[in-house]
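Please keep the viewer at hand.

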Amino acid sequence: MAGLEQTRQLVTEIPGPASLELNKRRAAAVSHGVGITLPVFVTRAAGGIVEDVDGNRLIDLGSGIAVTTIGNSAPRVVDAVRAQVADFTHTCFMVTPYESYVAVAEELNRITPGSGEKRSVLFNSGAEAVENAIKVARSYTRKSAVAAFDHAYHGRTNMAMALTAKSMPYKSGFGPFAPEIYRAPMSYPYRDGLLDKELATDGELAAARAISVFDKQIGADNLAAVIIEPIQGEGGFIVPAEGFLPALLDWCRKNNVVFIADEVQSGFARTGAMFACEHEGAGGLEPDLICTAKGIAGGLPLSAVTGRAEIMDAPHVSGLGGTFGGNPVACAAALASIATIESDGLIERAQEIERLITERLLRLQAADDRIGDVRGRGAMIAVELVKSGTSDPDAELTRKLTIAAHAAGVIVLTCGMWGNVIRLLPPLTISDELLVEGLDILAGILGDL
Ligand SMILES: Cc1ncc(COP(=O)(O)O)c(C=O)c1O
């Protein structure tokens, strides 16, 4: 959105009167099952700013949960969407196809890790990509069990809920869940290190703990797939110890188990690489299948499963699809988004943002023992808050910090199994000035609490 001033401005309390009015309408009309982080109703957003109906301008450190990585209403996306919507809005790719779907598949096959022949299939949401990756893996291996990890989040559909670790609010009361799902211990360096220093730093050791579950509780002959987020998102921005993911992949390859990387949150330049798998092992990790969504299309709903051709081609014809999957408007946006990431140097920008955020947070941590851990990569950085002098999660401090940040016009999100992690996911188009201002506000609030 051209012309949205890139400064924070508060002209009312947050939320302001117009937002409060709309929030009343929301409560009367929208299912209470949808929780709202911050009830300011948006009129415009661009760069690093979200403007609300009261004329307040908030600093965006959330990107609509890691979606508007290239900025809201990014110019190339706006142009591409306008042109496509004027030509046609839908035919259903399964009925009469169109070129942009094929072009998105070609681009995903090109930019995802792995040099061999690949195929892609498009859907609408991250959860749908996860569901379909499991279908593909089962079809290919003719096996049924699936292993996921502690702290995992894979979405809210039935299979994705089953794969997700945290009960409240994602699963509680919504069962029964899909069967044949097993859970293995994740490498969580901060918390592992409280028990065993070696486990925190030796990823192969942490992998052996998980592989023991695959071997002993499931059996490789029954296991179709291992699904993992290379950096866990909702679970707390947990970056596994070096060597963990390569050891898991190696075991999967030897045992005819499909290794699925869920890069729904970590993909598309977010972590300072096009995909987070690229940070792992010597020369990067090459998963068998990769799930993408969120940052794929500049804010339009689109998701994908991309992977090795022999696995992706296993399902029978018409076994995969969906009415809206790979909608032409979303495909036009995806092509524009990928072009924007590559031509605007946004991977490098994510690396700069990492340096800027972590340098400040580590300085803060050195003076404040309530910051238990600072972790993440690129523009996906979190602080884990604990009670002073302990490693006990401090959800209350996290809640107070978030509420005060929102009141001060800074949009931040929380995550983590214990709700004690503040996560920073700024759009890569945010200015250094806004980012620093946002971080200074958070630091000031934490100091006051
Ligand atoms: C790693 C991961 N997988 C899957 C999903 C589900 O995506 P969606 O909300 O688009 O269904 C999310 C969403 O936060 C996610 O972070």
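The second largest pocket has a volume of about 520 Å³. Of the 22 residues lining this pocket, F93, Y101, S120, V121 and L320 lie closest to its centre. Both α4 (99-111) and β4 (118-123) supply at least two residues of the lining, which divides into 11 nonpolar, 7 polar and 4 charged residues. For the terms: on a 1 Å grid over the protein atoms alone, a pocket is an open set of points with protein on both sides within 12 Å along at least five of seven lines, a cavity is a set where a 1.4 Å probe fits but cannot get out, and lining residues have an atom within 4 Å of a point. Volume is the space filled by probe spheres set on the points, which are joined across faces, edges and corners.

A word on where this comes from: the model is predicted, with local features needing pLDDT of at least 70 and side-chain atom pairs pLDDT 80 or more, while totals for chains, interfaces and linings use all residues. Residues are numbered from 1 along each chain as its sequence is written, and side-chain values use heavy atoms, without hydrogens or water.

The largest cavity has a volume of about 110 Å³, and its lining holds 11 nonpolar, no polar and no charged residues. α13, β15 and α15 each give two or more residues to that lining, with the largest share, 4 residues, coming from α15. The second largest cavity, of about 60 Å³, is lined by residues including H151, Y153, K166 and E234; its classes are 5 nonpolar, 3 polar and 2 charged.

Among the residues lining the largest cavity is L361, which is also one of the buried residues of α13 (buried means under 20% relative accessible area with a 1.4 Å probe, protein chains only). The buried residues of α13 pack against α12 (328-343), β11 (371-377), β12 (380-385), β15 (421-424) and α15 (432-448).

L424, another residue of that cavity lining, is among those with the most contacts inside the largest nonpolar core, which has 88 residues. Such a core is a set of buried Ala, Val, Leu, Ile, Met, Phe, Trp, Tyr and Cys residues joined through side-chain atoms within 4.5 Å. Apart from it lies another core, of 29 residues, among them A184, L223, L248 and C277.

Methods
Buried < 20%, exposed > 50% of the residue type's maximum accessible area, 1.4 Å probe, protein only. Contact = heavy atoms within 4.5 Å. Nonpolar A, V, L, I, M, F, W, Y, C, P; charged D, E, K, R; others polar.
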